[in-house]
Amino acid sequence: MRKRGLCLACLLLVLGGCGFGEIKSTYQKGLEALEAGEYETAVSSMDQAIQEEYRLPEAYRAKGIASIALGDYPAAIAALQRSLNALDMSNESFERDTLYYLAEARNAYGEPAKALEVYGEILSRREEWQAYYLRGETYFKLGRYQEAAADFTSAVANSEDYELYFQIYQLYAGTSRENDGTVYLEKALEIPNSTAEGYYNRGRAYYYMKEYEKAEQELKEAMNQESPEAMLLLGKVYLVKKDTDSARAMYQQALQREDQKAQAYNGLALCDMAEENYDAALDNIQKGLAQEGADRQPLLFNEIVAYEHKLDFAMAKEKMEDYLALYPDDEAAQREAQFLESR
């Protein structure tokens, strides 16, 4: 749950705006490359700054962040540790943020035990819900469920952040411990919020709990308060209830919003597949993929499903290979790929 973009913005504001004159330094160019997502350039620039012993803590940290983005976790770990070691004086905010990145790199490199130590250090300095959540997530993935639950309890204490509750639930969803995750949905339902956001998120909670009548009621009220997100989720509720006409009406309405077109086309494709019209589904998927800034993953996955239903297994396999190259960690897709291999 690290807000990498937010932290990077803070990095640029705090470290980049300190006045370097008119001439741009290698260090500044590295920061600009980091902000632009040009991570190899950022690493190269920071290496030069480090050779010049220029702003070593900041340069090492920027190199570490870029190395995480490149998937070079050993380099990231080394750079972030050197960033902390290079500090001449205590800077609590800087150190804490660097520790978060260090824990992220440790986890990504397959060192969860060392990541736990880093989160423990963060919490020893100051208790923060982010550290509790991330440590709990690490415990959960290690199968240390009691310790995870204790950290999640600390993370959500007095919280009115719906996303936090839902993210914890998603860890439990689909496992043998899903009922334990439902507790967090129930806590989300207790948040007092009579705005469109509140009705929408209560609708989400009921949707995850499979209480579709209650979800529909909350989402309709959210729509009455002009919640655009509620249309898309209400479409899903109608699909589960096998009310394809009502679902299609929601997605057609969502098409009127530029920022929802890709999701709306995906929803229409699901309606088409529910009606066994797979050619129409593929057409809507292509329309969704053509939208600028589209979330391509669900569209590409449903494209595979549509080809499967058309019994075009050769095309489904080809699309699956492309999909897994883009999203190798999708466990549902991995299972589907095994099914396709048997066809």
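This is a predicted model: local features need pLDDT of at least 70, side-chain atom pairs count only at pLDDT 80 or more; totals for chains, interfaces and linings use all residues.

Visitor: Which residues of helix 5 are buried, and against which helices do they pack?
Guide: Buried means under 20% relative accessible area, exposed over 50%, and partly exposed in between, with a 1.4 Å probe and protein chains only. In helix 5 the buried residues are Ala76, Ile77, Ala79, Leu80, Ser83 and Leu84. An α-helix has 3.6 residues a turn, so residues three or four places apart point the same way. The buried residues of helix 5 pack against helix 4 and helix 6 (92-108).

Visitor: Is Ser67 buried or exposed?
Guide: Ser67 lies in helix 4. Leaving aside neighbours within four places in sequence, Ser67 is in contact (heavy atoms within 4.5 Å) with Val43, Asp72, Ala75 and Ala76. Because its relative accessibility is 3%, Ser67 counts as buried.

Visitor: Against which helices do the buried residues of helix 3 pack?
Guide: Helix 3 (residues 39-51) has 13 residues and reaches 18 Å from its first C-alpha to its last, close to the 18 Å expected. Its buried residues are Ala42, Val43, Ser45, Met46, Ala49 and Ile50. These buried residues of helix 3 pack against helix 2 and helix 4.

Visitor: What is the phi of Glu53, and what is the phi of Arg55?
Guide: Most residues other than glycine have a negative phi, and most peptide bonds are trans. Glu53 lies in the loop between helix 3 and helix 4, and at 62% relative accessibility Glu53 counts as exposed. Arg55 is placed in the loop between helix 3 and helix 4. Each has a positive phi: near 55 degrees for Glu53 and near 45 degrees for Arg55.

Visitor: How are helix 2 and helix 4 oriented to each other, roughly parallel or roughly antiparallel?
Guide: Two packed helices are described by the angle between their axes and the distance between the axes. Axes are lines fitted to C-alpha atoms, for helices over the stretch in contact, and angles run from 0 to 180 degrees between N-to-C directions. The axes of helix 2 (residues 26-35) and helix 4 (residues 56-70) come within 11 Å and cross at roughly 25 degrees. Angles under 35 degrees count as roughly parallel, over 145 as roughly antiparallel, 65 to 115 as roughly perpendicular and the rest as oblique, and helix 2 and helix 4 are therefore roughly parallel.

Visitor: How many residues in the contact of helix 2 with helix 4 are charged?
Guide: The contact is made by Tyr27, Leu31 and Leu34 of helix 2 and Glu58, Ala59, Ala62, Ile65 and Ala66 of helix 4. Ala, Val, Leu, Ile, Met, Phe, Trp, Tyr, Cys and Pro count as nonpolar, Asp, Glu, Lys and Arg as charged, and the others, Gly among them, as polar. The contact of helix 2 with helix 4 thus divides into 7 nonpolar, no polar and, as asked, 1 charged.

Visitor: How are helix 17 and helix 18 oriented to each other, roughly parallel or roughly antiparallel?
Guide: Helix 17 (residues 278-289) and helix 18 (residues 296-309) have axes 10 Å apart. They pack at an angle of about 160 degrees. Helix 17 and helix 18 are therefore roughly antiparallel.

Visitor: Which residues does Gly288 touch, not counting those up to four places away in sequence?
Guide: Gly288 lies in helix 17. With a relative accessible area of 0%, Gly288 is buried. The residues that Gly288 touches are Ala262, Tyr265, Ala294 and Leu299.

Visitor: How many helices and strands does the protein have?
Guide: Buried residues make up 46% of the 343 residues in the protein. Its C-alpha trace spans about 65 × 45 × 45 Å along the principal axes. The secondary structure comes to 20 helices and 0 strands.

How values were computed: Residues are numbered from 1 along each chain as its sequence is written. Side-chain values use heavy atoms; hydrogens and water are left out. Helices (H or I, at least four residues) and strands (E, at least two) are DSSP runs, numbered from the N terminus. The expected span of a helix is 1.5 Å times one less than its number of residues.
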